[in-house]
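This briefing covers selected side-chain and helix geometry in the structure shown below. The points are grouped by topic.

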Amino acid sequence: MYSMLAQTNPQVFGWEHLTFLAVFIVFMIASLLLVKFFAKNEKVQDIVVRCAGVLLLIFIMWNRIAICISHQRATYLIPDSFCGMSSLVLALAVTFGRRNNNVLHFVFYFAILGDVLSMFYPDFIGQASSIFYSNTISGLLHHSFGFLVCVLLCMVGWFKPNYKKSGNIVIGFMAYITIGAFMMSVFDYSDAFYINNPILSGTPFTVWVLIPIFVALYALFMVSYELTRRKLQKRNDSFTKIKKVLNEKF
């Protein structure tokens with residue numbers, strides 16, 4: 001039985017995948033709790049976020065270099081998927097950008113959606129006999145760490161969703177598609193950013209099918225976020241008024 005397991009490549013929801021998820025989730029929760037309790041001021045939070053950005057940059061560059069080596073093609077250094085490009089852009093935005101910068105207002109949504117899907121359904125996990133194959137483990141790490149960075153940004157207030165900046169998503173999407181079209185025409189890629197082929201083989205989910213799904217999810221998220229934010233703001237305003245009245249009387 002051991003020999004059978006040894007000969008089987010890692011599978012989605014196989015023991016290697018589930019073990020990786022369990023270890024990462026424990027690491028993520030522990031890391032966020034440490035930040036919550038010890039990173040009390042903005043200066044410390046900025047250092048933590050930028051360090052996380054550097055780590056994410058290391059993971060995505062490791063992944064792209066590994067892919068270049070395995071395919072013997074230097075142009076693969078440029079990410080050709082939404083997940084890969086978003087990990088790169090997110091890493092650069094938090095490493096070198098300011099709090100709540102405009103780049104975050106498009107890459108955050110691309111990154112968190114793609115990272116969650118790839119964490120729980122990494123279709124690339126079976127490309128070699130070991131999960132520690134460089135292309136595989138670096139792919140798992142940049143997707144999962146990208147998700148951690150997104151959660152961290154929200155937790156410390158580095159990113160605050162704003163429906164008024166929805167236009168940034170359109171600009172970011174068009175930039176991705178333009179890069180993809182360039183790669184297909186100049187570098188002779190068969191596909192990039194799922195322009196021609198679906199994100200999962202055997203499904204209809206090319207980027208053109210995914211667009212309306214993404215728009216619906218984004219709209220649902222923003223409505224829920226705004227309703228929750230306004231409700232909390234109203235509650236805080238009420239507490240402030242009560243506190244002011246009590247202070248005046250006593």
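R73 lies over the face of Y76, at 5.5 Å from the ring centre. The model is a predicted one. Its secondary structure consists of eight helices and zero strands, and the pattern read along the sequence is α-α-α-α-α-α-α-α.

**Overall dimensions and contacts**

- The C-alpha trace of the chain spans about 75 × 45 × 30 Å along its principal axes.
- The chain has 250 residues, and buried residues make up 40% of them.
- Among contacts in the chain with a separation of 6 or more, 75% are between residues 24 or more positions apart.

**Aromatic pairs**

- The count of aromatic pairs comes to 22.
- One of them joins F59 and F145: the ring centres are 5.5 Å apart and the planes stand at 75 degrees, so the pair is edge-to-face, the cut-off for that class being over 60 degrees.
- This pair links distant parts of the chain, with F59 in helix α3 (residues 42-71) and F145 in helix α6 (residues 134-155), 86 residues apart.
- F59 has a relative accessible area of 16% and is therefore buried, the limit being under 20%.
- F145 is buried as well, with a relative accessible area of 8%.
- The rings of F106 and F110 have their centres 6.0 Å apart and their planes at 65 degrees, so this pair is also edge-to-face.
- F106 and F110 both belong to helix α5 (residues 104-120) and are four residues apart, about one turn of the helix.
- Both F106 and F110 are buried.

**Helix α3**

- The 30 residues of α3 should span 44 Å at 1.5 Å a residue, and the end C-alpha atoms are 43 Å apart, which agrees.
- At the start of α3, a side-chain oxygen of N41 comes to within 3.2 Å of the backbone nitrogen of K43.
- The buried residues of α3 are Q45, V49, A52, G53, L56, F59, I60, N63, R64, A66, I67 and C68.
- The elements covering these buried residues include α4 and α6.
- Q72 follows α3 and has a positive phi, near 50 degrees.

**Helix α4: S86 and S87**

- S86 is located in helix α4 (residues 82-96), and S87 is found in helix α4 too.
- S86 counts as buried because its relative accessibility is 0%.
- A polar atom of the S86 side chain lies 2.6 Å from the backbone oxygen of F82.
- With residues up to four places away in sequence not counted, S86 touches V107, F110, A111 and Y176.
- S87 is buried, with a relative accessible area of 1%.
- Leaving aside neighbours within four places in sequence, S87 is in contact with L56, I60, D115 and H142.

**Helix α7**

- Helix α7 (residues 167-186) has 20 residues and reaches 28 Å from its first C-alpha to its last, close to the 28 Å expected at 1.5 Å a residue.
- Its buried residues include N168, I169, G172, F173, Y176, I177, G180, M183 and M184.
- They cover an arc of only 165 degrees around the axis, which puts them on the same side of α7.
- The face of α7 turned away from its buried side carries the exposed residues V170, I171, T178 and S185.
- D188 follows α7, and its phi is positive, near 60 degrees.

**M184 and its surroundings**

- Not counting residues up to four places away in sequence, M184 touches Y189, S190, D191, A192, I195 and N196.
- M184 and D80 are 104 residues apart in sequence, and their C-alpha atoms are 9.7 Å apart in space.

Methods: Residues are numbered from 1 along each chain as its sequence is written. This is a predicted model: local features need pLDDT of at least 70, side-chain atom pairs count only at pLDDT 80 or more; totals for chains, interfaces and linings use all residues. Side-chain values use heavy atoms; hydrogens and water are left out. Helices (H or I, at least four residues) and strands (E, at least two) are DSSP runs, numbered from the N terminus. Buried means under 20% relative accessible area, exposed over 50%, partly exposed in between (1.4 Å probe, protein chains only). A polar contact is a pair of N or O atoms within 3.5 Å; within protein, one must be able to donate a hydrogen and the other to accept it, and residues adjacent in sequence count only if both atoms are side-chain atoms. Contact means heavy atoms within 4.5 Å. Rings of Phe, Tyr and Trp (its six-membered ring) pair if their centres lie within 6.5 Å; planes under 30 degrees apart count as stacked, over 60 as edge-to-face and the rest as tilted. A charge sits over a ring if NZ of Lys or CZ of Arg is within 6 Å of the ring centre and within 35 degrees of the ring normal. The expected span of a helix is 1.5 Å times one less than its number of residues. The arc is that of the directions from the helix axis to the C-beta atoms.
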